[in-house]
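I hope they are handy while you have the coordinates open.

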Amino acid sequence: MKTTALLLFPFTLILAGCAGPNSYLVNRNSTVEMYHIFDIKTAASTSSVSKAAVDGLGKNTNQINQNTPLQMSTALPATPGRFTISDMSDKLGGTGLGVMLQMSAMQGGGISMKAASCNGAVWTARAERTISGSSNLTLYGCLYRYQSGYHLDTYAIFQKVEGGILQVSRDIANSMIGTPEEWVDKTIMDMVRTIEAIPNTKVTHIEGQPEIGNGPAIARLTNK
């Protein structure tokens with residue numbers, strides 16, 4: 001009995017430092033969205049920029065599906081295109097699957113299935129990263145070409161799990177290797193850094209939310 005008490009003592013201290021055992025241990029599933037748009041000044045070809053983008057994206061994701069749509073017009077627009085966010089349940093309307101998605105959204109706190117639409121983009125990508133018991137990320141990239149260069153639009157949506165008996169180990173892991181949000185920031189910025197490595201290329205952040213951080217500390221220490 002004394003040994004058991006000693007083993008539980010550190011865990012009790014951790015809980016005591018939180019708002020309370022009940023609030024700390026309650027299971028929570030959260031959906032987080034973010035987007036960021038970058039302007040790319042370069043004379044590089046679409047194939048060069050898109051290859052750099054997918055190379056950067058591949059550093060932190062498990063699976064990538066990319067597409068390079070045909071560009072039938074040779075005239076470049078004066079301004080770049082812009083991604084839009086689609087609600088999959090709205091797209092499917094009154095179909096059986098659409099109703100199921102709407103019901104699932106209501107049960108999940110009103111969070112629906114969303115996706116980025118990249119109409120007019122010269123390159124599109126959908127990447128995924130899953131960390132069992134922690135987070136599930138889907139990241140969209142839309143590359144738009146225009147007269148002054150390119151725009152890279154990124155949209156990320158991810159679900160993260162918090163609370164429960166595993167939260168203690170998650171907290172330790174987050175402090176050592178970074179939070180899910182920090183790794184999403186790194187995933188986006190690795191695309192940017194790889195594109196900016198193209199000679200005579202300059203990338204500027206245009207807009208987005210929430211603010212991009214510095215990424216996980218462990219990545220900065222290892223320069224990866």
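1. Lysine 114 is partly exposed, at a relative accessible area of 31%; here buried means under 20% relative accessible area, exposed over 50%, and partly exposed in between, with a 1.4 Å probe and protein chains only. Its partner is glutamate 33: the two form a salt bridge whose closest N and O atoms are 3.3 Å apart. By salt bridge I mean a side-chain nitrogen of Lys or Arg within 4 Å of a carboxyl oxygen of Asp or Glu. Because glutamate 33 lies in strand S1 and lysine 114 in strand S4 (residues 114-117), the pair ties together parts that are 81 residues apart in sequence. Glutamate 33 also counts as partly exposed, with 35% relative accessibility.

2. A word on provenance before going further. This is a predicted model, in which local features need pLDDT of at least 70 and side-chain atom pairs count only at pLDDT 80 or more, while totals for chains, interfaces and linings use all residues. Residues are numbered from 1 along each chain as its sequence is written, and side-chain values use heavy atoms, with hydrogens and water left out. Helices (H or I, at least four residues) and strands (E, at least two) are DSSP runs numbered from the N terminus.

3. How many salt bridges does a search of the whole structure find? The search gives eight. One of them joins arginine 82 to glutamate 207, with the closest N and O atoms 3.0 Å apart. Arginine 82 sits in the loop between S2 and strand S3 (84-87) and glutamate 207 in strand S8, so this pair links parts that are 125 residues apart in sequence. Both ends are partly exposed: arginine 82 has a relative accessible area of 45%, and glutamate 207 has 28%.

4. Being three residues apart in helix H7, the two are separated by about one helical turn. An α-helix has 3.6 residues a turn, so residues three or four places apart point the same way. Salt bridges with shared partners join Lys186, Asp190 and Arg193 into one network.

5. Now the sheet. Six strands make an open sheet in the order S2-S5-S6-S7-S1-S8, with antiparallel pairing; two strands pair if DSSP finds at least two bridges between them. S2 and strand S8 (202-209) are the edge strands, each pairing on one side only. From one strand to the next, the twist averages 15°. S1 and S8 are joined by seven bridges, and aspartate 39 stands opposite threonine 204 in S8.

6. Strand S6 deserves a look. S6 is largely enclosed by the rest of the structure, because 10 of its 12 residues are buried. Nine bridges pair S5 with S6, where threonine 124 faces cysteine 142. On to S7, there are 12 bridges from S6, with leucine 143 opposite leucine 152. A hairpin through two residues joins S6 to S7.

7. Helix H3 packs on the sheet, touching S1, S2, S5, S6 and S7, and its direction makes about 5° with that of S5. (Axes are lines fitted to C-alpha atoms, for helices over the stretch in contact, and angles run from 0 to 180 degrees between N-to-C directions; contact means heavy atoms within 4.5 Å.) The buried residues of H3 include Val49, Ser50, Ala53 and Val54. Among the elements covering them is helix H7 (180-196).
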